[in-house]
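Please brief me on this model, topic by topic.

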Amino acid sequence: MKGYSTFSLIRNALGGHRFWKPVWRTPEPKDSYDVVIIGAGGQGLATAYYLARKYGIKNIAVLEKGFIGGGNTGRNTQVTRSNYFWPQSSAFFDHSLKLYETLSLDLNFNVMLSQRGVLNLVHSHHEFEGLRRWANAIRINGVDTDIVTAAEVKEIVPLINMNSRFPVHGGSIQRRGGISRHDAVVWAYARAADAHGVDIIQQCEVMEFAISNGKVTGVETTLGKISANQVSIAVAGHTGVLAGKAGFRVPITSMGLQAMVSEPIKPCLDTMLTSPVIHMYVSQSDRGEIVLGGGADVYTSYAQRGGIPLLEENVAALLELIPAFSRLRLMRQWSGIVDITPDTTPIMGMTPVQNLYISGGWGTGGYKAIPAGGDTMAYTIANDEPHSLITDFGLDRFERGVLIDEGAASGVSH
Ligand SMILES: Cc1cc2nc3c(=O)[nH]c(=O)nc-3n(C[C@H](O)[C@H](O)[C@H](O)COP(=O)(O)OP(=O)(O)OC[C@H]3O[C@@H](n4cnc5c(N)ncnc54)[C@H](O)[C@@H]3O)c2cc1C
């Protein structure tokens, strides 16, 4: 892989930027691969990259019906954190955050990780008690989190209105949390995977699976048949559709999750602020836009469209907390289809079909999990057994009734 450096930047600037090499190839699909991964979002590409880099499997294809990062990985609000309640979630998401902390260096691509903190607000005495319990659990899990007083909240977010209908009582902050640049993350993994020989094939939709004697042997795509020893599904909001084609069911509800950005303004919000009660979260992007979102749509759908009711709800919530933003103009609003499990924990690992694996059910929070998701799925595929960090995330937990309820941790869609 050609390294990016100050020197290469200067050299290419002197050449009028005409000599940059394409960041990845556009290969024709081969008839057969060792591993086929469905979906070129962050999860699929990271899995391919770690499979090639750590396990030396080079004959890999990532099949994408649209374009690289055109799914939820390019639509999310970039929140990166690991302050989860249950030990399994904490361990997994903190592994991810640690990988994020060195990702720019590891992939030689600036993913613009900004550890500006993720600040959760509480608005009542009782809620504060619950938050303390949550914060204690997180700390016992070995993950950083601090309780902050109302005065400290005001210091971190000077623009905040402390005395709205829901007065701010305080909050908790994970200072290692923050945001990173989602396009950069997916492009970094695509570039690194390609450099390790992975074929990323865009405009190639998987329509059916070839399954013989309970074992997957390949896929039927819009570009023809491709055989494969192992296949992994990483299609976010379409997990239920693909699982159905492979003949098994997943307990997933698919619905739209919307977000929006304002026009860019000077830096004025130096944290990722979230309020489960007022029901919105907001941060300022490196371009200066105010990025905001709230809960998922309240109906199931595969339509990736924004809508006025949710826009009104999110904007009203934002202005409740930061009235000064009422002067801003919104620039864009969009939606992505998220697949939500009953316990809001992902489904990862093996499936009832031999040699077919799954990484789905990411709901509103799989962006922060891209490095760990890729790393652990690569192990799982290479060894045909779940990585120790994801043994409890398997599909079989719904049969055994051993759910990992992280509903509260993802109360406001991140
Ligand atoms: C508005 C919004 C805000 C969010 N905010 C956050 C956040 O702040 N923090 C966070 O951690 N998470 C967030 N998320 C969730 C996060 O974006 C996802 O969980 C994550 O991107 C999932 O990654 P993925 O690679 O599994 O899916 P995707 O990036 O969606 O990739 C799946 C790919 O599969 C392709 N595909 C589907 N079907 C087929 C097929 N049959 N054949 C071939 N290809 C197919 C799709 O085109 C898509 O490109 C948010 C999501 C949304 C929509």
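Helices and strands here are DSSP runs, counted from the N terminus: a helix is H or I over at least four residues, a strand is E over at least two. The model is predicted: local features need pLDDT of at least 70, side-chain atom pairs count only at pLDDT 80 or more, and totals for chains, interfaces and linings use all residues. Numbering starts from 1 along each chain as its sequence is written.

**Domains**

- The protein chain is assigned domain 1 (32-78 + 182-252 + 343-410) and domain 2 (107-178 + 253-340); such bounds come from an automatic or database domain assignment.
- Over C-alpha atoms, the centres of domain 1 and domain 2 are 28 Å apart.
- Between them, 23 residues of domain 1 contact 18 residues of domain 2; a contact needs C-beta atoms, placed from the backbone, within 7 Å.
- On the domain 1 side, α6 (182-195) and α7 (239-245) are the elements that give two or more residues.
- Helix α6 supplies the largest share of that side, seven residues.
- That side of domain 1 has nine nonpolar, 12 polar and two charged residues.
- For these classes, Ala, Val, Leu, Ile, Met, Phe, Trp, Tyr, Cys and Pro are nonpolar, Asp, Glu, Lys and Arg are charged, and the others, Gly among them, are polar.

**Ligand shell**

- The ligand is surrounded by 40 residues, and the closest are Gly39, Gly41, Gly71, Gly336 and Gly366.
- A residue is near a molecule if its C-beta atom, placed from the backbone, lies within 6 Å of it.
- Elements giving two or more residues to this shell are α2 (42-55), β12 (253-264) and β16 (330-340).
- Its classes are 14 nonpolar, 21 polar and five charged residues.
- Domain 1 and domain 2 each give at least three residues to the shell.

**Helix packing**

- Two packed helices are described by the angle and the distance between their axes.
- Helix α3 (residues 87-107) and helix α9 (residues 370-383) have axes that come within 7 Å and cross at roughly 105°.
- Axes are lines fitted to C-alpha atoms, for helices over the stretch in contact, with angles from 0 to 180 degrees between N-to-C directions.
- The pair α3 and α9 is therefore roughly perpendicular (65 to 115 degrees; under 35 is roughly parallel, over 145 roughly antiparallel, the rest oblique).
- Phe92, Phe93, His95, Ser96, Leu99, Tyr100 and Leu103 of α3 meet Pro371, Ala372 and Asp375 of α9.
- The residues of this α3 and α9 contact are seven nonpolar, two polar and one charged.

**Exposure and backbone**

- Buried means 20 or more other C-beta atoms within 10 Å of a residue's own, exposed 12 or fewer, partly exposed in between; C-beta atoms are placed from the backbone.
- Helix α1 (residues 6-14) has nine residues and zero of them buried, so it lies largely in the open.
- Most residues other than glycine have a negative phi.
- Met112 has a positive phi near 55° and sits in the loop between α3 and β4 (118-122).
- Met112 is partly exposed, with 17 other C-beta atoms within 10 Å.
- Gln203 also has a positive phi, near 55°, in the loop between β8 (199-201) and β9 (206-212).
- Gln203 is partly exposed, with 13 other C-beta atoms within 10 Å.

**After α10**

- Val402 lies in the segment after α10 (397-400) and is exposed, with 11 C-beta neighbours inside 10 Å.
- Val402 and Asp343 are 59 residues apart along the chain, with C-alpha atoms 9.8 Å apart.

Conventions. Contact = placed C-beta atoms within 7 Å.
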